[in-house]
Each structure stands twice: as structure tokens, then as C-alpha cells.
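Subject: Structure for you to look at

Hello,

Here is the structure I said I would pass on. Please open it first, then read the notes below it.

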Amino acid sequence: AHQGVIMSLAELAESRDASTGSHLFRVRDHCTLLAKLMASDTRFASKINEGFIESIYYVSPLHDIGKVGVPDSVLLKQGKLTDQEFEIIKTHTIIGGRSLDTVLEYCNLEMFRMAREIVLGHHERYDGKGYPYGVKVEDIPLAARIMTIADFYDALRSERVYKRAFTNEETAKAIAEDSGRRFDPAIAEIMLAHIDEFDAIHRQYAELDAEPEKNMILK
């Protein structure tokens, strides 16, 4: 029941923007793969167990749920956002966090605590220049640090009206350049060492997006 409600809410938020395709499912699988790889690394083995991996699989699609509170004129704008519009976009983290606060009042499970961390923290930066709170380094929850890089990877690999899709190689270069700034350098290192596995996930869903009937079966 929890899993069904999570995906229905995530898909409801994502339906505001029809251009994103299988974004929720790609990011879910990127986060899960990255968490599994990190669990085998001595730097993270003590922090990531099976429960962590299962939780991030189920709740990562909720990362942008707060976008339901962003006006269409801003969320669906085709051109570059003004400074004021970007400030409005930033509020989706706070709006989503409040939604998860309500959930936690009724069901205080680790899975939903992680969901709140991801929703609030996936636009924070390792160097402290992110939003909404400007926290940095390990003050950013681990699940949010994973989501940040997984979401970035998917955003660059995806075509939008305002940008072309980056290749896997171009995306890897961009991640390397932002390691230690936008991203936790240890997480970036692990992802880059296995970048072809993330490419395989992206290609799988690209094929499914081209054949919607198969995509429905997978979902």
C-alpha cells in the first residue's frame, strides 16, 4: 500500500510536465544502482544496508513532488527563467518537505524520513551553494547526495525543448568537473567508475519510451 501511494503521488507530480518521459523510473534505478555500488565500498559500507537500498528504490521518485505547488507559468516555461521565477522554482523543495512532514505525523517510518531528506536536500550542493538551506558536505543527508548526482545524470542525458541530450561521455565529464563542488567526490568517483552501467539503464528506458505499451508493462 505504501509503495502504491508513493508511486501514484510521484506520477501525479510528474504529470505536470509531459516532457519528462520515464524520468521517475530512470532516476529510481540510477539511485538504486548507485546505492548498491556504494554499499560495496569501504567508505560507505557501514552506512548503506539492504533497508537503505530498498527505501531509496521506493521513495526516490518523490524527489520533485513539491512541483505540484509551482505555477504552470513558471514550471512549464519554455525559455530561460528570470531570477524571480527561479526563486519560485526553488520553493518546490520546501513544499515537498511539508508534504512529507504531514506523512510522518501519521506514519513515522524510516522510508518516509528518507523521502523527506531527498525532497528537501536534492538541490543542496557539496560546497554549500545549493538550496533551500545551503548546507554542505556531510550535513547533506546521504540519500539526498545520491539523488543529486542521479538526477543530474538523467537531466543531462535527456533532451528538453531548451537543450539537446548529452552523450554518456559528455555527462561523465560534467560530473567529474563538478565533483567536490556540486557532488560528493566519493560518490562521483564511484559513479564514474561504473558509468557504462548507468548508460545501460538510460538506453533501456529510451527504448521503452519509444514503445509506450512496453513501458506500461514495466511500470
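Which residue forms a salt bridge with E110? In this predicted model, the partner is R113, and the closest N and O atoms are 3.0 Å apart. Both residues sit in helix 6, three residues apart, about one turn of the helix. R113 is partly exposed, with a relative accessible area of 33%, and E110 is partly exposed at 43%. As background, side chains of opposite charge can pair when their charged atoms come close.

A search of the whole structure gives 17 salt bridges. One of them joins the side chains of E87 and K90, at 3.1 Å from N to O. These two residues are in helix 5 (residues 83–106), again three residues apart, about one turn of the helix. E87 is partly exposed at 45% relative accessibility, and K90 is partly exposed at 22%. Another salt bridge links R125 and D127, at 2.9 Å from N to O. Here R125 is buried, with a relative accessible area of 17%, whereas D127 is partly exposed at 25%. There is also a network: D41, R43 and E189 are joined by salt bridges that share partners.

Of the cysteines, C31 is buried at 0% relative accessible area, while C107 is partly exposed at 21%.

Next, the loop between helix 6 (110–121) and helix 7 (142–157), where P132 is placed. The peptide bond joining Y131 and P132 is cis, with omega about 15°. V137 lies in this loop too, and has a positive phi of about 50° although it is not a glycine. For comparison, most residues other than glycine have a negative phi, and most peptide bonds are trans. V137 counts as partly exposed, at 32% relative accessibility.

Now helix 8, residues 168–178. Its buried residues are N168, T171, A172, A174, I175 and D178. Just after helix 8 comes G180, with a positive phi of about 85°.

Last, the surface. V5, L9 and L12 make a nonpolar patch of about 260 Å². L9 belongs to helix 1 (residues 2–14) and is partly exposed, at 38% relative accessibility.

Regards

Key
Residues numbered from 1 in each chain as written. Predicted model: local features only at pLDDT ≥ 70, side-chain atom pairs only at ≥ 80, totals over all residues. Heavy atoms only, no water. Buried < 20%, exposed > 50% of the residue type's maximum accessible area, 1.4 Å probe, protein only. Helix = DSSP H or I, 4+ residues; strand = E, 2+ residues; numbered from the N terminus. Patch = residues over 30% accessible without salt bridge, like charges linked within 9 Å, V, L, I, M, F, W, Y side chains within 5 Å. Areas by Shrake-Rupley, 256 points an atom, 1.4 Å probe, with all protein chains shown as cover. Salt bridge = Lys/Arg side-chain N within 4 Å of Asp/Glu carboxyl O.
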